[in-house]
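We will go stop by stop.

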Amino acid sequence: MSITKDSFESLTGQPVMATRRRFLSMGAAAGALVFCDASGNWVSAAFAATAPTSPTGQIVLGLSQEPTIFMPLIPHADVDNAVYFNLFSPLWSVDEKGAFQPELVSEVPTLENGGISQDGLTWKLKLNEKAKWHDGTPFTAEDVKFNLELIRDPKFPAANRAGIDQITDIEIAGPHELTFRLSKLYAPLPSILSWTFLVPKHLIEKESNPAQPTAFLERPIGTGPFMWSERSPGDHVTLVANPHFHGTGPRAKALVFKYIPDGTVLYTQFQTGAIDYVGLLGISPDKFEEAQSLPERVVSATPQPMIETIWFNLGKDVFKDPAVRQALYVAMDKKGIIDQIYYGLPSETESFLPHESWAHNSNLPTHEYNPEKAIQILDEAGWKPGPDGIREKDGVRLEFTNSTTSGNPVREQTQQLLQQNWLDIGVKMTISNFPAAVIWGDYWNMSKFDSVVAGINFMVGPDPDATSSFASSAIPVKGGSGSNTAQYSNEEVDRLLAEGASTVDPAERKKAYLKMQEIIRQDLPYLPIFQYNMVQGVKAGLQGFTPNVNVQDNSWNAYTWYWAT
């Protein structure tokens, strides 16, 4: 049983996200043609192949960044979720239609089934009695209480504490039942819990530092459909089928997450068959047309919730003046980036929310590429050219580094274009790229960067709440819980985030988020470039792959994947 559309809306005050494309899982019989139609739907020309009764075969997932953090409750990069979805479990998950599905609960709590009180403050969870940790230890209500209390602990560097910090009075009613109360209504909580992967109490509580559980990280243990096998740093992570999984599947015997930082090499391995699925940043747009013609491959561009950004560290003096950020945006040849580097595939955007979100603001000011106007903005703000042409003000030079993951050719081209764009207005940008394991570690999480080219998903599941990204309480380097590594702080945005989360009235929620988008578009703590249309590819014959705009990685349902025989 899953939460219904009506009950979801009555609890959260938001309609289920309407995507531009209706994604269908591939279901071709052996030898049948699997393809994408003109609208980008994943369809088959024949009836679905019969799923195996026991795990069989191996699936190799190619990733352009390396998963490195295997403790899901602390700050991490999106790529780590590729492993989390398969190694760990949340209480419930969100499917491609935006509906919640039970994972570690026997049913998703709703107003209708009595799991949530009419005022939305008291929650009763009934857990799946079949669930076990990979070491055979039963999963119980004690585990849920432990995870919620750990996340709430202000001394623990939680990836996201929003909403969970409102949970009080956790009471265990039995091995597989517990209740808790919210100190105040928090509408995004169902979505937040759908992205909260739980860890085992009996192992983490033994560690001296639960944020860096040394013994646990040597062999992470979850309740997910796959179990840890081995990791070769810099190369791959292998997971194997969990024979005692409490849900359906898994249908594959093993998943291998192969790290290939060079996009050209990743694509070549997809061509040759060494890679079965190209995920995360996908296939380079310049290879899209060619990739569609590859034999025995299924390739399509599908919308993603990620927004490509130039992410500023506002803790750096060079970015503290709003005029600088505004001038950099006006001097950005955004259309040139989208059309020339990305072959027109992405959608231009001004918001942090994807176009598919029910709260997306389509009336924000449209970007204008105007170098002369950018120069005027800087002149009027007192940034004057120095002897070498680079602007200065009060002893601060308009000079900074920009970083992204090494080996990403399209982002490197973007950097080079921006480098020239900004030099033309008297701003010096130095490119300084690093391997994924370096850039998305403390360099990112602890705001050690100047600026970064980063694709960011600001939502949590189908909910538009962006507390983790923009709340002043979510700055990790200042002890906050969240991913506000830009160190952005605006009292009105804080107020609107709280307002949008504290009501179930969809009109009031939308009003708060529309206004917040206006403020952030004006403040420009980051520069929005485009919303992703990711070019994804799988081998023909791989069954079960289903793109999902509500999650961070499309290996979200890899437990259903299998090879047609």
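Which strand gives the most to the lining of the largest cavity? Select β20, because that strand leads with 3 residues. Helices (H or I, at least four residues) and strands (E, at least two) are DSSP runs, numbered from the N terminus.

Before moving on, note the ground rules. This is a predicted model, where local features need pLDDT of at least 70, side-chain atom pairs count only at pLDDT 80 or more, and totals for chains, interfaces and linings use all residues. Residues are numbered from 1 along each chain as its sequence is written, and side-chain values use heavy atoms, with hydrogens and water left out.

**Stop 1: the largest cavity**

A cavity is a set of points, on a 1 Å grid over the protein atoms alone, where a 1.4 Å probe fits but cannot get out. A pocket is an open set with protein on both sides within 12 Å along at least five of seven lines. Lining residues have an atom within 4 Å of a point. Grid points are joined across faces, edges and corners, and a volume is the space filled by probe spheres set on the points.

The whole structure holds 4 cavities of 30 Å³ or more. The largest cavity has about 780 Å³ of space. Select His-76, Asp-78, Asn-81, Asn-457 and Ser-483: of its 40 lining residues, these lie nearest the centre. Now colour β13 (297-312), α14, β20 (451-456) and α15 (467-470), since each supplies at least two residues of the lining. By class, the lining has 24 nonpolar, 14 polar and 2 charged residues. Here Ala, Val, Leu, Ile, Met, Phe, Trp, Tyr, Cys and Pro count as nonpolar, Asp, Glu, Lys and Arg as charged, and the others, Gly among them, as polar.

**Stop 2: the second largest cavity**

The volume of the second largest cavity is about 270 Å³. Its lining has 24 residues, and Leu-281, Gly-282, Ser-284, Asn-408 and Val-410 are the closest to its centre. Show α7 (263-272), α12 (409-423) and β21 (526-539), the elements that give two or more residues to this lining. The largest share is from β21, with 5 residues. The lining of the second largest cavity divides into 14 nonpolar, 9 polar and 1 charged.

**Stop 3: the largest pocket**

How much space lies in the largest pocket? About 490 Å³. Select Ile-69, Ile-74, Pro-75, Ala-211 and Gln-212, the closest to its centre among 28 lining residues. β9 (226-232) and α14 (442-445) each supply at least two residues of the pocket lining. That lining has 16 nonpolar, 8 polar and 4 charged residues.

**Stop 4**

Two strands pair if DSSP finds at least two bridges between them. Ser-232 has His-236 in β10 as its bridge partner. The hairpin has 3 residues between the strands, and Gly-234 takes a positive phi near 80 degrees there. Next, select Pro-250, in the loop between β10 and β11 (254-259). The peptide bond from Gly-249 to Pro-250 is cis, with omega near 0 degrees.

**Stop 5: an open sheet**

Select β15, β16 and β17. They form an open sheet of 3 strands in the order β15-β16-β17, with antiparallel pairing. β15 (384-385) and β17 (396-397) stand at the edges with a single partner strand each, so one side of each has no neighbour in the sheet. Asp-394 lies in the loop between β16 and β17. Asp-394 is not a glycine, yet has a positive phi of about 50 degrees.

**Stop 6: two helices**

Finish with α9 (residues 322-330) and α11 (residues 371-380). Their axes come within 8 Å and cross at roughly 170 degrees. Axes are lines fitted to C-alpha atoms, for helices over the stretch in contact, and angles run from 0 to 180 degrees between N-to-C directions. The two helices are therefore roughly antiparallel to each other. Angles under 35 degrees count as roughly parallel, over 145 as roughly antiparallel, 65 to 115 as roughly perpendicular and the rest as oblique. Select Ala-323, Val-324, Ala-327 and Val-330 of α9, then Pro-371, Lys-373, Ala-374, Ile-377 and Leu-378 of α11, to show the contact (heavy atoms within 4.5 Å). By class, it has 8 nonpolar, no polar and 1 charged residues.
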